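Hello,

Here is the structure I promised to pass on to you.

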Amino acid sequence: MKKVFRMAACAMAAVCALALAGCGGGDSAKTTLRIYNWGDYIDPDVLEQFKKDNPDINVVYDMFDSNEAMLAKLDGGAQYDVYIPSDYMIEKLIKDDRLAKIDVSKIENYKNIDDRFKNLAFDPNNEYSVPYTWGTLGILYNKTKVTEPVTSWDILWDETYKGDIIMYDSARDSMAAALKKLGYSCNEKDTDKINRAAQLLKDQKPLVKAYQTDAMKQEMINGNAALALVYSGDAILCMNENPDLGYAVPEQGSNKFFDSIVVDKNCQNMDAAYRFINYLCDAEVAAKNCEYIGYATPNKAALELMGEGYVDNVVYNPSDEVLDKCEVFLDLGDLNTTYNKIWEEVKMQ
Ligand code: N2P
């Protein structure tokens, strides 16, 4: 079975298992750990193993497909103990006092995390987050349909590919592509520049086949589109299934992201949260997990186990030249609403 189908099937099985567990009612001695993560962002076997190793923890696992969707669900009152947002969202959650402090001395496997993923700007003293994955935003293209070199964001606005372009359904990522095409920062705060990027996304709409998130992967694997705005890990997953696919980070620069594990301030079971985080930081677990999901690991002990094929892979591990042109998203404060509103307008127009 193809990996993407397998992922969907496993996700369904997990949901059914949870539903059954809920009906059983015999788990009152268990503590519950509510985990909220991106879709296709954990190896189902890794999750299953955690459940087997920790029979006293009742795991509830839900998925989201963008940082904004995650935040909206939390704002709507959903309660989770552990979740895995990106840098700028973690910055916001810290500012809003929604996260619990993490005592890394309680996470034995924290020693496996490479120092270069610590003390990043969104959590300068590593008080609230433990690195999970990292990557870039770029363009996935089908070499049988796109024969020119993919070096610029302009290609996502090229009439030649009308109806053959998939945009990632996320305000910050799509705005980043438009802002970078215009030569601006993907953390732009200037109203004129933001409006120009918004207009570009509106102008692009007739060329767009679909605004999608995880569903985009199967479309690209099946050769149903020429170009897609994607994250590097999803690109690797697709490229492993279809050798006609390639990935490029445009020369104008892009976004590099760091996704980290955080604990909600209202977490009722810190011990279970620590056990889960420690488990994910285990070298073998992190290696298996990241090989499955396609995303780069900040776990240096895991990377050693994964070997050369990963270190040498420029999609997985881009050169400093590429990374130096990429910016990390920052929390935009009041402008978050503006970006989100623009994105809704683009999709609805
Ligand atoms: C996986 C999404 C990864 C999140 N489907 C990238 N920040």
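Which polar side-chain atom lies 2.8 Å from a nitrogen atom of the ligand? That atom belongs to Asp 259. Before I go on, a word on conventions: this is a predicted model, in which local features need pLDDT of at least 70 and side-chain atom pairs count only at pLDDT 80 or more, while totals for chains, interfaces and linings use all residues. Residues are numbered from 1 along each chain as its sequence is written, and side-chain values use heavy atoms, with hydrogens and water left out.

**The ligand**

Alone, the ligand would expose 260 Å², and the protein buries 99% of that (Shrake-Rupley areas with a 1.4 Å probe).

The residues around the ligand (a heavy atom within 4 Å of it) include Trp 38, Tyr 41, Ser 86, Lys 217, Tyr 231 and Tyr 295. By class, this shell has five nonpolar, two polar and four charged residues; Ala, Val, Leu, Ile, Met, Phe, Trp, Tyr, Cys and Pro count as nonpolar, Asp, Glu, Lys and Arg as charged, and the others, Gly among them, as polar.

**The cavities**

The ligand takes up the space of the largest cavity (more than half of its atoms lie within 2 Å of the grid points). A cavity is a set of points on a 1 Å grid over the protein atoms alone where a 1.4 Å probe fits but cannot get out, and lining residues have an atom within 4 Å of a point. There are four cavities of 30 Å³ or more, and the largest has a volume of about 170 Å³. Its lining comprises 22 residues, with Trp 38, Ser 86, Asp 173, Tyr 231 and Asp 259 nearest the centre. Helix 3 (67–75), helix 4 (87–95) and strand 9 (256–263) each give two or more residues to that lining; helices (H or I) have at least four residues and strands (E) at least two, as DSSP runs.

**The pocket**

The largest pocket holds about 240 Å³ of space; a pocket is an open set of points with protein on both sides within 12 Å along at least five of seven lines. Strand 8 (245–248) and helix 13 (320–324) each supply at least two of its lining residues, and the lining has eight nonpolar, one polar and three charged residues.

Best wishes

Note on methods:
Points joined across faces, edges and corners; volume = space filled by probe spheres on them. Polar contact = N/O pair within 3.5 Å; in protein donor to acceptor, adjacent residues only side chain to side chain.
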